[in-house]
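Here is a short report on how two chains meet and where space is left between the atoms. Keep the 3D view open as you read.

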Amino acid sequence: MAFWNTFHWSDGTLWSNVSSRPDIFTAPIDRSAHFVSARITMVSSSSGSTTASLVIHTLSLEVNTRSQLPDYYEAFIDRNDNTQRISTMVRHTTGVEDLLTETSELLTTETSETLILDEPYSFVVNRQHLLMNKRSRIQPTG
Amino acid sequence: MALRRQVPEPLATWEDPVLGLNLFDSEEDLRPGEARFMQNCIYRGGVRVRNGNSRLTPNSIASGFSVKSGHRFYYGGSNPQKSRLIAYDNKISTITDGGAETVLTSGMTSNKDTFFTTWTITDKVYVSNNTDVLRSYDGTTFATVTGTNIPIPRGRIAPILDRLFAITTNGIERTSPRVDNVWSSNSAWATFRPSQVGLFTAIHSFNMRGTDTLYPGALAFQAHAYYLITGTDFGSDASAASASAGEDGSIQILDPNVGCSSPYSVVTVPGVGIFWFTTDLNVYWVPEGSLRGQYVGDKLRSNSSTIGIESTNKAQLSQVWMTYFDRFLVLGIPTGSNTYPNIQFWADLYELTRADKTHPSTAVWYGPMIGQTVGRVWREDQQGELSLRGGEGNSATGVFVYTMSELARFKDAVGASDNDITSIYQTYFKDLGAFSREKYIRSANLELQNVNGTPTLDLLDLDGTIISGVPITAV
């Protein structure tokens with residue numbers, strides 16, 4: 001990491017249109033990976049006094065190991081008889097979080113998988129949906 | 001939103017590319033500080049686009065030809081003067097700062113690789129092209145050198161101590177002291193001959209430094225070997241049948257397996273040493289004060305789909321150039337079937353020579369730099385000037401002279417066009433502290449300056465692209 005509050009060219013002149021401090025930018029990803037490389041593309045041009053030229057100071061990810069989930073995620077719970085739909089926010093500290101931690105050890109692919117649990121309900125967990133969209137669709141099965 | 005077991009920031013942040021480009025190692029083995037790709041990027045307190053170039057000549061001087069050489073001729077002694085010379089077609093011309101041409105001669109053999117050498121002893125610039133007898137220009141008169149045994153030099157002639165040396169089919173010939181009109185010719189004593197098979201390809205003036213000793217002389221090259229020429233007295237009459245008393249010139253082979261077929265690539269970098277592009281497609285470095293050289297271009301030899309110096313057009317090695325400017329060692333190579341350099345790599349001499357560095361003593365390269373088609377480059381660095389100039393290498397574009405690496409310039413002049421520069425920076429591959437586990441990536445965060453355009457981001461895994469073309473937007 002490095003940045004200056006001013007930029008000079010090698011002849012001492014000021015790169016006058018560089019912002020005084022780096023600004024924070026972000027790009028949404030929502031993907032999973034093992035080894036990660038980032039590639040930034042920028043077209044630089046100058047016409048008269050208008051200049052576009054990127055300076056990259058820091059580049060980092062907001063990332064979790066795969067088995068981890070956000071503190072909160074939205075969960076949809078369908079009753080077994082499909083007569084009542086409960087939509088709620090579920091804390092990770094609840095039993096659902098524990099369930100998901102356990103299931104993550106068993107799930108080996110990104111595709112949807114089914115796991116039947118005993119108490120207090122049995123759920124069908126669409127893990128792919130949960131991971132990618134931070135949202136789970138959980139169905140009691142009996 | 002806070003995240004459970006979030007990968008801590010030090011593990012989720014890429015180190016700046018202080019070690020530069022590495023095309024050699026596998027992506028998994030790239031080290032922190034290396035970059036997989038730095039197209040048109042350099043690292044200077046941040047990753048930023050390289051400087052662009054601009055036209056010195058507003059229009060093409062001639063179509064169907066390329067610039068075969070360029071040179072800034074400083075002369076005049078106490079009355080300093082200067083002239084910019086270029087060679088193209090059968091012409092040697094001067095070009096003003098405004099781009100106006102004055103033809104000095106149209107009598108050269110057309111389209112030959114040409115070399116200019118200024119010799120202060122006669123205050124003239126000499127012109128050689130491997131075909132015509134040596135020419136000279138004193139700022140007023142362009143002439144063919146006349147006298148005894150005037151050679152047809154192969155490549156650039158080199159001043160050493162008080163005389164000139166030139167490569168011919170005989171070997172390396174020399175002049176008598178302080179004159180340009182008496183040369184040796186296939187002499188029993190004055191002609192240096194190689195011990196290995198083949199003609200000399202280049203000669204480069206340089207004083208080797210030993211312990212408390214200077215060895216005046218030059219490096220001479222064959223395609224596969226290089227030699228040290230040294231001496232303190234190179235004789236009084238080069239055309240004489242025998243050497244004068246005290247003559248001590250010598251030539252010794254330094255390495256029979258690494259040489260040069262690219263005479264425009266031999267360059268001295270102050271305080272660092274001599275570099276050249278080798279016939280086996282690498283960059284070689286003889287550090288100053290040493291006779292033990294080493295390769296420094298291995299990281300540019302690509303083992304991936306990205307083109308590196310291993311893809312240099314071997315039929316056009318003579319067109320490879322290197323130069324030193326603005327603390328960069330700049331290498332231009334023709335790749336594929338190109339007959340002119342179409343890709344450049346820049347070695348960061350600050351990183352190579354900084355006293356407090358913690359990196360290995362090897363070159364830090366940036367690139368590939370694409371978009372320019374410059375065939376010749378030359379420095380202009382006296383009488384208050386400091387510029388790098390270039391000559392168009394693509395004959396289909398025409399004869400143009402450029403100002404290279406121009407500060408605050410973000411376009412490339414190619415012929416009459418001004419092209420945007422697309423920079424692409426790709427980091428090394430991080431395992432994010434858990435190499436055996438798949439990670440869930442929510443977003444990429446950046447600190448950027450001077451964002452007036454629309455940068456985009458791709459994310460890659462070892463086996464392919466995960467997501468591409470994501471707009472990078474301000475938070």
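Strands are DSSP runs of E with at least two residues, helices are runs of H or I with at least four, and both are numbered from the N terminus. Two strands pair if DSSP finds at least two bridges between them.

This is a predicted model: local features need pLDDT of at least 70, side-chain atom pairs count only at pLDDT 80 or more, and totals for chains, interfaces and linings use all residues. Residues are numbered from 1 along each chain as its sequence is written, chains are lettered from A and ligands numbered from 1 in the order in which they are written, and side-chain values use heavy atoms, without hydrogens and water.

Strand 4 (residues 55–65) of chain A runs antiparallel to strand 4 (residues 47–49) of chain B, and two bridges join them. The bridge partner of A:Val55 is B:Arg48.

Six strands form an open, antiparallel sheet in the order 3(B)-4(B)-4(A)-36(B)-1(A)-39(B). Its edge strands are strand 3 (41–43) and strand 39 of chain B, each pairing on one side only.

## Aromatic pairs

Over all chains, the structure holds 18 aromatic pairs. Rings of Phe, Tyr and Trp (its six-membered ring) pair if their centres lie within 6.5 Å; planes under 30 degrees apart are stacked, over 60 edge-to-face, and the rest tilted. B:Phe165 and B:Phe192 are stacked, at 6.1 Å centre to centre with 5° between the planes. This pair links distant parts of the chain, 27 residues apart. Both B:Phe165 and B:Phe192 are buried (under 20% relative accessible area; exposed is over 50%, partly exposed in between; 1.4 Å probe, protein chains only).

The ring centres of B:Trp276 and B:Tyr284 are 5.2 Å apart and the planes are at 45°, so this pair is tilted. B:Trp276 and B:Tyr284 are buried.

## Pockets

What volume does the largest pocket have? It holds about 1,200 Å³ of space. A pocket is an open set of points on a 1 Å grid over the protein atoms alone, with protein on both sides within 12 Å along at least five of seven lines; a cavity is a set where a 1.4 Å probe fits but cannot get out; lining residues have an atom within 4 Å of a point. Points are joined across faces, edges and corners, and a volume is the space filled by probe spheres set on them.

The largest pocket is lined by 38 residues, and B:His71, B:Phe116, B:Arg156, B:His204 and B:Arg379 lie nearest its centre. Strand 6 of chain B gives the most to this lining, six residues. The second largest pocket holds about 340 Å³. Of its 24 lining residues, A:Ser10, B:Ile42, B:Arg44, B:Arg48 and B:Phe328 are closest to the centre.

## Cavities

The structure holds three cavities of 30 Å³ or more. The largest cavity has about 80 Å³ of space. Its lining has 13 residues, with B:Val330, B:Gln344, B:Trp346, B:Leu388 and B:Ser405 nearest the centre.
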